[in-house]
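Visitor: Could you walk me through this model, starting with its pocket?
Guide: Gladly, let's look at it together.

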Amino acid sequence: MELNKNLYIEPRKGENHLSLDSTWKFTYIDERIEEIQGLDFKFSATIPQAAGWCLYETGILPHPYEDTNSALYEFMNSKVWYFKKEFTVKEENKEDIAYLCFDGLAYYSRIWLNGVLLGDHEGMLGGPVIEVSEHINTGKNTLVVECT
């Protein structure tokens, strides 16, 4: 049996796996904030992908690799990015142990689940993996990820 190579992410599967890959809301602001309740998530994009591609996908900026359009994207490094995903957990899965598993984020990120700051993560490739059983609701849940 060959073991996974460095930086290879084993696909997750099974009936208890809930993929959050799909449409997320996002926004960007000038400074990091401590309270996420006032954020206005006015854009939508398909995640996972780079924040710059989100700007292109939503029509905010033109294609980054045409002409000199890449110069329009230079502001991105000075912004703080917030992504929000709402998802539902079935009643029969509420008693299971729940993990939130990221396959990679921006170099520095913070993560909130249902308004609770779970913590921060440093490192871009792989992780974090967080046990979130006590923070999951039956029904609607809201995940917010800050990327800087």
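**The pocket and its surroundings**

Visitor: By class, which residues does the lining of the largest pocket have?
Guide: The classes are nonpolar (Ala, Val, Leu, Ile, Met, Phe, Trp, Tyr, Cys and Pro), charged (Asp, Glu, Lys and Arg) and polar (the others, Gly among them). By these classes, the lining of the largest pocket has 10 charged, 9 polar and 30 nonpolar residues.

Visitor: What should I know about the model and its numbering?
Guide: This is a predicted model, in which local features need pLDDT of at least 70 and side-chain atom pairs count only at pLDDT 80 or more, while totals for chains, interfaces and linings use all residues. Side-chain values use heavy atoms, with hydrogens and water left out, and residues are numbered from 1 along each chain as its sequence is written.

Visitor: Which strand gives the most to the lining of the largest pocket?
Guide: Strands are DSSP runs of E with at least two residues, and helices are runs of H or I with at least four, numbered from the N terminus. Strand 3 (80-89), strand 4 (99-101) and strand 8 (139-147) each supply at least two lining residues. The most, 5 residues, come from strand 3.

Visitor: What is the order of the strands in the open sheet?
Guide: Strands pair if DSSP finds at least two bridges between them. Strand 1 (residues 22-29) and strand 2 run antiparallel, joined by 5 bridges. The open sheet has 6 strands with antiparallel pairing, in the order 2-1-3-8-5-6.

Visitor: Is Asp 67 buried or exposed?
Guide: Asp 67 lies in the loop between helix 1 and strand 3, and its phi is positive, near 50 degrees. Exposed means over 50% relative accessible area. Because its relative accessibility is 76%, Asp 67 counts as exposed.

Technical notes:
Buried < 20%, exposed > 50% of the residue type's maximum accessible area, 1.4 Å probe, protein only.
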